[in-house]
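Please keep the structure open while reading.

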Amino acid sequence: MIKHRAIPKLFSILILALSARTGAQTVPLHFERLSTQEGLSQHSIYAILQDSEGFMWFGTLDGLNRFDGHRFEVFTPPKEPTQVNQTVNALMEDPSGGLWVGTRGGLFRFDRQTERFVNLHTTSKPWVACLSLDPDSTLWLGSATAGLFKMTLDSLRLVSVLLNDGTDAHCRCFFRDRDHRLWLGTESQGIWMKPPKGDAWRPSHTGSDLLRGPVTAITQDGQGRIWSGGPDGLWRRESDGRWTRPFRDQDTPKNVLALFTDDLGMIWIGTPQGLYLIRTERTPPLLIRMDPYRQENPQNRYIRCIAQDRTGMLWIGAWGGLYTSQYHTKPFVNLLADSRVPSHLGGAEVLSLCRDSLGGLWIGHERGVDHIPSRTQPTRHYPLLPGQASSASPRSSASWQQRTIGSGWVQTKS
């Protein structure tokens, strides 16, 4: 399991709650940015994968990166003499732990023992856009230029596959749903679905306008409905098979590049204009301000891929780097400072936090200590003792005293 680095600036609990916002156009959340300064080979992220050992892998504009929670290690797939760099577009792990790497120069298998790339084809070198693995270990490869392919892990031979209408598919994305059906988004042929068994692809866009443009991203919501995104925004497949627009046109982000449903059922949307979040099906997408404390570089807002690791960490791949956030999985509570109100804090400058053995939260601030026993009980205020100046700086070199409150120890300035 990876040990994530501590995210700075989030020592305060005074963070605006998503659940308290209604009708807001933007919501600030804190993200830590990782770029070439932290060791990435290149700051444009195209693919994200957490493997069975807990390592995070990132496909970039120039090579493959592995992150162990502390540092990056870079591996570069072979490239043709005419190629300036080797872009990694797709990543997949098979049941044996083998790592498959899809690039603009073809498909490779990364050997973890030798840390070398094995080229799995000699004649055809398709521009790999997406990868997926069937329950029977059939690997599916979607190419943006050469069409759809399949390969068994035993034969390691790519076989071209036509859609049911007899045409090649210019592939953009795969999505495996909870019933193991495989969904395919294409450049100009809409969206297709393959059952868990067999190779027959069925069109799913019949009777809708999905055929008009590229399908660049697919996900599934908590109710089992399939969502797709593209240049014209969002579509949702209802239980009766119809594709509908889930929101008004003016409320829908355009040029959708990535869709991801997290462990709470919230849908994250990546676009060239930034990151959006759908909290419920009745609330339009909210634009997430990834760093409200400084002016964002337009490249940093160009979101290409989104993933979540097993600890709940959200990973965002952008053209301007890699972003992480730990704080999207639980609602934030904005605690105001007013000792006259039971549910508020006794001081505004939060200096320390401690959770006790009963699940209560102790909060130290410039005026004393507050105790929140539970979410349903009022806050208890313990002011500073007489003679302890509330204006004392927490960064001064003054000595400390200790006094007890029940069975807990609290440090205060003398």
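An open sheet of four strands runs in the order β2-β29-β28-β27, with antiparallel pairing. Its edge strands are β2 (32–34) and β27, each of which pairs on one side only. The model is predicted, and its chain has 35 strands and zero helices.

- Strand β28 is joined to β29 (residues 321–325) by five bridges, and the two strands run antiparallel.
- Strands of a sheet pair through backbone hydrogen bonds, and the pairing can be parallel or antiparallel.
- Of the 414 residues in the chain, 49% are buried.
- Among contacts in the chain with a separation of 6 or more, 44% are between residues 24 or more positions apart.

**The largest nonpolar core**

- The largest nonpolar core has 16 residues, and the members that touch the most others are F31, W268, L275, I306 and I316.
- At least two residues of this core come from each of β23 (258–261), β25 (274–278), β27 (303–308) and β28 (314–318).
- Strand β28 gives the largest share of the core, three residues.
- Which residues does I316 touch, leaving out those up to four places away in sequence? They are F31, I48, L275, M290, I303, C305, I306, G321, L322 and Y323.
- Three residues in that contact list, F31, L275 and I306, are also named with I316 as core members that touch the most others.

**T244 and the β19-β20-β21-β22 sheet**

- A further open sheet has four strands in the order β19-β20-β21-β22, and the pairing is antiparallel.
- Strands β19 (217–220) and β22 are its edge strands, each pairing on one side only.
- Strand β21 (residues 233–237) is joined to β22 by two bridges, and these strands run antiparallel.
- T244 lies in strand β22, which spans residues 243–244.
- Opposite T244 of β22 stands R236.
- Is T244 buried or exposed? T244 has a relative accessible area of 17%, so the residue counts as buried, the cut-off being under 20%.
- Beyond its neighbours within four places in sequence, T244 is in contact with W235, R236 and E238.
- The contact with E238 includes a polar one between the two side chains, at 2.6 Å.

**Salt bridges**

- The count of salt bridges comes to 19.
- Side chains of opposite charge can pair when their charged atoms come close.
- E73 and R66 form a salt bridge in which the closest N and O atoms are 2.8 Å apart.
- In this pair, E73 is partly exposed because its relative accessible area is 26%, whereas R66 is buried at 17%.
- K150 and D199 form a salt bridge as well, with their closest N and O atoms 2.3 Å apart.
- The K150–D199 pair links distant parts of the chain, since the residues are 49 apart: K150 is in strand β13 (residues 147–152), and D199 is in the loop between β17 (191–194) and β18 (202–203).
- Both residues of this pair count as partly exposed, with a relative accessible area of 24% for K150 and 36% for D199.
- D251 and R248 meet through their side chains in a salt bridge at 2.9 Å, N to O.
- D251 is partly exposed at 22% relative accessibility, while R248 is exposed at 52%.

Definitions and conventions: Residues numbered from 1 in each chain as written. Predicted model: local features only at pLDDT ≥ 70, side-chain atom pairs only at ≥ 80, totals over all residues. Heavy atoms only, no water. Core = buried A, V, L, I, M, F, W, Y, C linked by side-chain atoms within 4.5 Å. Buried < 20%, exposed > 50% of the residue type's maximum accessible area, 1.4 Å probe, protein only. Contact = heavy atoms within 4.5 Å. Polar contact = N/O pair within 3.5 Å; in protein donor to acceptor, adjacent residues only side chain to side chain. Pairing = 2+ DSSP bridges. Salt bridge = Lys/Arg side-chain N within 4 Å of Asp/Glu carboxyl O.
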